[in-house]
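Let's take a walk through a protein model together. Have the structure open, and turn it around as you read.

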Amino acid sequence: MRQPDAVLPDLRDLIAENEGLRARIGYVMEQAQRNHEIMARHQAFDLEIVGASNFPQLVGTIFRLLPVISDLDSVTLSLVDTDADIYTVMHKLGVDFESFPNLLFCEHAVELGFEPGERPRPRLGPYSRAAHGAMFPHPPAGLESVALVPLLRNKRLIGSLNLGSCDPQRFTAALGTDFVEHMASIIAICLENVISNEMLKYIGLTDPLTGVYNRRYIDRRLVEEIARAQRQNYHISFMFIDVDYFKKVNDSVGHQAGDDVLREVAARIKMELRVSDALARFGGEEFVVLLINADLQAAAMVADRIRAGVADKPFDLAGGQYLNVSVSIGVAALDDYARDHAIEGVAQALVASADGALYQAKEAGRNRVVMAG
Ligand SMILES: Nc1nc2c(ncn2[C@@H]2O[C@H](COP(=O)(O)OP(=O)(O)OP(=O)(O)O)[C@@H](O)[C@H]2O)c(=O)[nH]1
């Protein structure tokens with residue numbers, strides 16, 4: 001039989017071992033709990049971005065939530081935008097890019113700096129202004145490590161998700177990248193979806209010849225603006241602009257050059273408008289303009305600037321031809337009495353009233369502005 005004092009050291013060892021094991025289990029449990037929380041936060045993030053219904057909502061959610069849920073000091077997004085199509089369409093749909101300073105565009109995928117190959121890999125490591133300045137144009141003070149994660153759709157590089165941390169150990173070349181790659185793949189799918197939806201929306205609302213809005217857009221916008229003007233008590237005006245003797249233009253210079261004339265007329269009208277105004281091609285050689293916060297007098301002044309802008313300078317057509325073009329314009333404003341009436345009726349009356357004024361402008365000899373009323 002062993003003496004009690006010989007058993008004692010063994011027991012002490014066992015107790016120490018037991019405590020060590022408990023501490024390790026505690027640590028593992030803590031890690032598991034933390035991982036669970038991280039997973040739950042990322043799942044909530046995934047649901048949030050999958051639910052984003054338009055481009056600004058999606059990028060806004062990424063910039064707002066990702067730094068918080070992933071404990072990052074900087075998040076930027078670079079998108080490949082050959083020919084600036086995405087930028088142009090989003091701008092036309094009213095996206096305010098100034099509110100997204102971390103949304104970046106590049107012309108070609110090679111500018112993102114990933115190794116060329118079948119499947120570009122994330123680049124993790126220390127931050128350097130020289131190497132990463134383009135990805136982090138406004139780096140936070142003390143930025144130490146970065147992860148540049150390719151955004152891929154069907155093997156096509158559509159952009160890069162750029163994550164930055166002030167912790168030098170956060171992103172090191174040795175770190176596994178499954179997690180960030182998974183996150184980037186969901187972001188890439190969501191981006192592709194909202195971008196194609198916005199493109200479709202844009203195509204459905206614009207006139208392919210001139211690039212200005214189409215009739216469907218203006219019909220919808222008119223109803224929205226009348227409702228807002230009724231609530232907030234401000235003026236809106238509407239004008240009909242028709243190119244004079246356009247049949248003769250086509251006959252003299254040909255249909256192609258006629259198309260160029262329509263594009264140039266649209267551009268000259270646009271030059272006289274504010275960004276809040278909406279210009280649309282109503283059909284054929286007819287344009288309409290919705291002026292926000294402008295009464296009849298103000299609208300008539302804008303209309304006369306448009307008239308002069310078209311008539312005063314000959315159109316420089318392909319092949320060295322010059323052509324004098326003029327427009328007739330009818331202007332109408334939303335009357336005070338209309339504020340209490342049903343919106344659709346008010347919209348129709350406003351359009352009809354501007355159309356009537358246009359008819360009078362044509363009758364009176366063209367190249368002139370007539371106010372309804
Ligand atoms: N080039 C070109 N011509 C168009 C387009 N859409 C309509 N047109 C032409 O626009 C002309 C419109 O002619 P009319 O409606 O008779 O009017 P107008 O000759 O402008 O005469 P007034 O409006 O009375 O001054 C027609 O010859 C149409 O063929 C288009 O997209 N491109």
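## The nonpolar cores

The largest nonpolar core has 49 residues, and M239, I329, V331 and A354 touch the most other members. A nonpolar core here means a set of buried Ala, Val, Leu, Ile, Met, Phe, Trp, Tyr and Cys residues joined through C-beta atoms within 7 Å. Buried means that 20 or more other C-beta atoms lie within 10 Å of a residue's own, exposed means 12 or fewer, and partly exposed is in between, with C-beta atoms placed from the backbone. Helix α10 (residues 343-363) supplies the largest share of this core, 7 residues. Helices (H or I, at least four residues) and strands (E, at least two) are DSSP runs, numbered from the N terminus. A second, separate core has 33 residues, including V146, L148, V149 and A184.

What does V331 touch? Leaving out residues up to four places away in sequence, V331 touches S237, M239, L296, A299, A300, A303, A354, A357, V369, M371 and A372. Contact means that the C-beta atoms of two residues, placed from the backbone, lie within 7 Å.

## What kind of model this is

This is a predicted model, where local features need pLDDT of at least 70, side-chain atom pairs count only at pLDDT 80 or more, and totals for chains, interfaces and linings use all residues. Residues are numbered from 1 along each chain as its sequence is written.

## A sheet with helices packed on it

Now look for an open sheet of 5 strands in the order β7-β8-β6-β11-β12, with mixed pairing. β7 (278-283) and β12 (369-371) are at its edges with a single partner strand each, so one side of each has no neighbour in the sheet. From one strand to the next, the twist averages 20°. Two strands count as paired if DSSP finds at least two bridges between them. β6 and strand β11 (residues 327-333) pair in the antiparallel sense over 7 bridges, and I241 has I329 in β11 as its bridge partner.

Helices pack on this sheet too. α8 touches β6, β7, β8 (286-292) and β11, and its direction makes about 150° with that of β7. Helix α9 (residues 296-311) touches β6, β8, β11 and β12, and its direction makes about 170° with that of β11. For these angles, axes are lines fitted to C-alpha atoms, for helices over the stretch in contact, and angles run from 0 to 180 degrees between N-to-C directions.

## Around the ligand

Which residues come nearest to the ligand? Of the 16 residues around the ligand, the nearest are D244, F246, K247, G258 and G284. A residue is near a molecule if its C-beta atom, placed from the backbone, lies within 6 Å of it. β6 (236-243), α7 (246-253) and α8 (255-271) are the elements that give two or more residues to this shell, and α8 gives the most, with 4 residues.

The shell divides into 5 nonpolar, 4 polar and 7 charged residues. Ala, Val, Leu, Ile, Met, Phe, Trp, Tyr, Cys and Pro count as nonpolar, Asp, Glu, Lys and Arg as charged, and the others, Gly among them, as polar.

## Another open sheet

There's also an open sheet of 5 strands in the order β2-β1-β5-β4-β3, again with mixed pairing. β2 (103-106) and β3 (123-126) stand at the edges, and each has a single partner strand, so one side of each is without a neighbour in the sheet. Ignoring direction, neighbouring strands are turned by 20° against each other on average. β3 and strand β4 (residues 145-153) pair in the antiparallel sense over 4 bridges, with R123 opposite L148 in β4.

Is β5 largely enclosed or left open? 8 of its 10 residues are buried, so β5 is largely enclosed by the rest of the structure. β5 pairs with β1 in the antiparallel sense over 6 bridges, where L77 stands opposite L161 in β5. β4 and β5 pair in the antiparallel sense over 9 bridges. Helix α5 (residues 178-205) lies across β4 and β5 (156-165), running at about 50° to β4.

Most residues other than glycine have a negative phi. D71, in the loop between α2 (55-69) and β1 (74-80), has a positive phi of about 50°. D83, in the loop between β1 and α3 (85-92), has a positive phi of about 65°. D71 counts as exposed because it has 12 C-beta neighbours inside 10 Å, and D83 is exposed, with 8 other C-beta atoms within 10 Å. In the hairpin of β4 and β5, with 2 residues between the strands, N154 takes a positive phi near 50°.
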